[in-house]
Amino acid sequence: MLSAQKRRQRFVFILISDGDSMQDRETVIQMKGITKSFPRKIANDHITFDVRAGEIHALLGENGAGKSTLMNILSGLYQPDSGEIFIRGEKVEFATPKDAIKCGIGMIHQHFKLVQAFTVTENIIMGDDGQPFFYNRKKAEQKIAECAAKYNMDIDPSAKIWQLAVGQQQMVEIVKVLYRNARVLVLDEPTAVLTPQESSRLFDNLRRMAADGCAIIIITHKLAEVCEIADRVTVLRAGKAIATIEDEEINYRTLSQYMMNASGVQEQKNEPHTAAVRSEKPLLRVEDLTLQDEKKVMRLDHVGFELYGGEILGVAGVSGNGQKELAEALCGLSSVSHGRIILEETDVTGYNAKRKFRSGIGFVPEDRLGTGLVANMNVGDNLILKDYFTTNSSNSLFIKYSKLTERAQSAVERFNISVADIKAPVRLMSGGNLQKLLLAREIDSDPKVLVAAYPVRGLDFAAASFIFEKLEQLKDEGRGILMIAEDLDSIFKYCDRVMVLYRGRIMGICKTSETSVTDIGMMMMGTPMEEVKRYEAYGHF
């Protein structure tokens, strides 16, 4: 396998001479002996880590290994219990993220730091000391639009954050850092919310920035991304730095050994899964579903499909093509303009979120902490967010906290949730454990239909495998699962059928055993299934 530097030399915009080796480059960031503890857990244990100018350095490790905590310290969000940070040899201390950004360090977090009610421009300039009290809105919007266009990001500076899909919100976070002229860019699971095309464009932009001398740090658990883009890789395990490798050592075999052997997880072979018996009648029937936003833009365009018990129906599509709107319409978070939603024999179209939940529709949203969980609540409180009014959780006006603690402990054990203290805020948990908690709440509600939006986004191999195992158990029990995903490999592996959305319209619904990745890709770009089949038959449209 080619080294990262050799791979990057394929791109004409990267101009690195043979004499400019990575070892000769200036060390921009050096972290020595960084230790950070939370209640009953050591997140970082005497970690030493450095980043050089013009390199892309990947932090690799399982969920909960300490990657995000280490970078939160570098970006000023956390302060270390011990250890030192040096920028170009000068010792620094960051009390706030503003201190870090003044030194040219910007971080794009996995869970966005955006105000939903504000516009893109307001979010980007918020906290910028360089902006006057009475700023020129049009001038600021123009500068932001130019910055976004430079890096091929399609963002409307005047749009409200809540109007944007998750992938677009990720772009806003990136532009916010670039707008402040950051020279050290930290990205926490940057492709977790991006399509393959968007990921490729992001990587091209990161290569350009590295060629200009920026230091790029990527937090990830995806081996393919690391092999494609990283110059060096530091592997973390249980809060400790296991190794730093570079050049020819950056390959699947070496990285897999560090990841699997270090974590105690053995590589698993996928055993054939016994197919569940599909129900004769659909559990969920959607008829002519139409939804317009406040600007009268069509988000769902006459969508109709059926979901049966004992099956997983995958929803594929480029981010922002109606997946979010479909999930929220099904679960009662938004009102539809036209059409019907039938659960078994009951019309639940006009039901609100609470009533749909009680009718048997569970929901795992794409935004874990923004929509799914309350960051400052503990495990137990988050588990009863949807059913606090039932006799199992409360007695008239009062919560039964003894039963709640038992329920929380049971969920932690059954879903293998790693948490230092079940009474601590869930914001201290890793992304994988947050997703397990979210899934535990929805599964324990005994849903007839589960709508899961990007259920393994940003998770490592072990956590993702666990989530899919739980979804298959629901399928085997005769439940219907609608799984929205951007990873076509997961769709083909776990879904019985796949439905492709493009600009709010269904391009086709087909069995995964009777279609191909190429066919799905063509439908994702707007080609109806009938034309795809015609192309296969005759070789042209």
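Tutor: A salt bridge is a side-chain nitrogen of Lys or Arg within 4 Å of a carboxyl oxygen of Asp or Glu. In this predicted model, R285, E287, R340 and D347 are linked in a network of such bridges.

Student: How many salt bridges does the rule give for the protein?

Tutor: The count comes to 22 salt bridges.

Student: What makes R232 and E55 a salt bridge?

Tutor: The closest N and O atoms of R232 and E55 are 2.9 Å apart. The cut-off is 4 Å, so the pair qualifies. R232 lies in strand β9 and E55 in the loop between β2 (41-52) and β3 (56-60), so the bridge ties together parts that are 177 residues apart in sequence.

Student: Are R232 and E55 buried or exposed?

Tutor: Both R232 and E55 are buried.

Student: Why is the contact of K386 and E442 called a salt bridge?

Tutor: Their side chains meet at 3.1 Å, N to O, and the limit is 4 Å. K386 belongs to the loop between α13 (379-383) and β17 (394-395), and E442 to helix α15 (residues 431-444), so the bridge connects parts 56 residues apart in sequence.

Student: How do you know whether K386 and E442 are buried or partly exposed?

Tutor: Buried means under 20% relative accessible area, and exposed means over 50%. K386 has 24%, so K386 is partly exposed. E442 has 0%, so E442 is buried.

Student: Why is R479 called buried?

Tutor: R479 has a relative accessibility of 18%, and the limit is 20%, so R479 counts as buried. R479 also forms a salt bridge with E477, with the closest N and O atoms 3.4 Å apart.

Student: What makes V115 part of a surface patch?

Tutor: Patch residues need over 30% relative accessible area. V115 has 31%, so V115 passes that cut-off and is partly exposed. V115 lies in the loop between β6 (105-108) and α4 (120-125). V115, F118 and M126 form the nonpolar patch, with about 220 Å² of accessible area together.

Student: Which residues have the most contacts inside the largest nonpolar core?

Tutor: They are V379, L437, L471, M483, V500, I520 and M523, in a core of 50 residues. Helix α16 (residues 461-476) gives the largest share of this core, 7 residues. A second, separate core of 35 residues includes I108, L164, L187 and I218.

Student: What does V500 touch, leaving out residues up to four places away in sequence?

Tutor: V500 touches A316, R505, I506, M507, G508, I520, M523 and M524.

Student: How do you know that β9 and β10 pair?

Tutor: Pairing needs at least two bridges. Strand β9 (residues 232-237) and strand β10 (residues 240-246) have 6 bridges in the antiparallel sense, so they pair. V233 stands opposite I245 in β10. The hairpin has 2 residues between the strands, and A238 takes a positive phi near 50°.

Student: What makes β14 and β15 a pair?

Tutor: 2 bridges join strand β14 (residues 338-343) to β15, and at least two are needed, so they pair, running antiparallel. The bridge partner of L343 is T346 in β15.

Student: Why are β12 and β15 called edge strands?

Tutor: The open sheet has the order β12-β11-β14-β15. β12 (298-308) and β15 (346-347) each have a single partner strand, so one side of each is left without a neighbour in the sheet.

Conventions: Residues numbered from 1 in each chain as written. Predicted model: local features only at pLDDT ≥ 70, side-chain atom pairs only at ≥ 80, totals over all residues. Heavy atoms only, no water. Helix = DSSP H or I, 4+ residues; strand = E, 2+ residues; numbered from the N terminus. Patch = residues over 30% accessible without salt bridge, like charges linked within 9 Å, V, L, I, M, F, W, Y side chains within 5 Å. Areas by Shrake-Rupley, 256 points an atom, 1.4 Å probe, with all protein chains shown as cover. Buried < 20%, exposed > 50% of the residue type's maximum accessible area, 1.4 Å probe, protein only. Core = buried A, V, L, I, M, F, W, Y, C linked by side-chain atoms within 4.5 Å. Contact = heavy atoms within 4.5 Å.
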